[in-house]
Amino acid sequence: MPGSRGRCTGRVALSREVGRVLKSHKEHNCIGSKSFPTTKDLAHGLSELLSYEGNIEEDFYLNFQVFQEEMGVVKSYNLKPGGDKIPVNKQNRKEYVQLYIDFLLNKSIYKQFAAFYHGFHSVCASDALM
């Protein structure tokens, strides 16, 4: 598993992706199905959400749910139990950002990373590399 330094670097890079998602929510109350955010946009959007002074519930219309495109299909994932019914507001926006980043950096790639990790170590732990 990567160390905390790698996670920190990954979080900085990944946090740049939220901007377009939040902007899309703000303008259209949904995430567009054709394009997803860039790393730079995500960081800007998360920062904007954390410092926003207006009414987050009405202006951003977010809940504790994320959307990801998988093989051309957009799927939704709750960031916590019942997340699709929990609106993001000033009191819980930090938790939303933390759960969103954790989902993107860890949970959404866990199966792929675990397969790579076990495959890599099955080769490296064997006599094949010696």
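Residues are classed here by relative accessible area, computed with a 1.4 Å probe on protein chains only, as buried under 20%, exposed over 50% and partly exposed in between. The structure is a predicted model, in which local features need a pLDDT of at least 70 and side-chain atom pairs count only at pLDDT 80 or more, whereas totals for chains, interfaces and linings use all residues. Residues are numbered from 1 along each chain as its sequence is written, and side-chain values use heavy atoms, with hydrogens and water left out.

The chain has 6 helices and 2 strands, where helices (H or I, at least four residues) and strands (E, at least two) are DSSP runs numbered from the N terminus. From that terminus on, the order of the elements is α-α-α-α-β-β-α-α. Of the 130 residues of the chain, 32% count as buried. With contact taken as heavy atoms within 4.5 Å, 60% of the contacts between residues at least 6 apart in sequence join residues at least 24 apart.

The pLDDT, which is the predictor's confidence in each residue on a scale from 0 to 100, averages 74 over the chain, and 67% of the residues score at least 70. Where pLDDT is low, the predicted coordinates should not be read in detail.

A nonpolar core is defined as a set of buried Ala, Val, Leu, Ile, Met, Phe, Trp, Tyr and Cys residues joined through side-chain atoms within 4.5 Å. In the largest such core, which has 19 residues, Leu49, Leu79, Tyr96 and Tyr100 touch the most other members. Helix H3 (39-51), helix H4 (56-60) and helix H5 (93-105) each supply at least two residues of this core, and the largest share, 8 residues, comes from H5.

Arg93 also lies in helix H5, and it counts as buried because its relative accessible area is 13%. Residues up to four places away in sequence aside, Arg93 touches Leu49, Leu50, Ser51, Tyr52, Ile56 and Val88; the C-alpha atoms of Arg93 and Leu46, 47 residues apart in sequence, are 9.4 Å apart in space.

Gln65, found in strand E1, is likewise classed as buried because its relative accessibility is 14%. When neighbours within four places in sequence are left aside, Gln65 is in contact with Ser76, Tyr77, Asn78, Leu79, Gly83, Asp84 and Tyr96. Tyr61, by contrast, is found in the loop between H4 and E1 and counts as exposed because its relative accessibility is 54%; Tyr61 has a positive phi of about 50° although it is not a glycine.

The second largest pocket is lined by Gln68, Glu70, Tyr77, Phe103, Lys107, Ser108, Ile109, Tyr110, Lys111 and Gln112. On a 1 Å grid over the protein atoms alone, a pocket is an open set of points where a 1.4 Å probe fits, with protein on both sides within 12 Å along at least five of seven lines, and lining residues have an atom within 4 Å of a point. Strand E1 (65-70) and helix H6 (110-124) are the elements that give two or more residues to this lining, with H6 giving the most, 3 residues.
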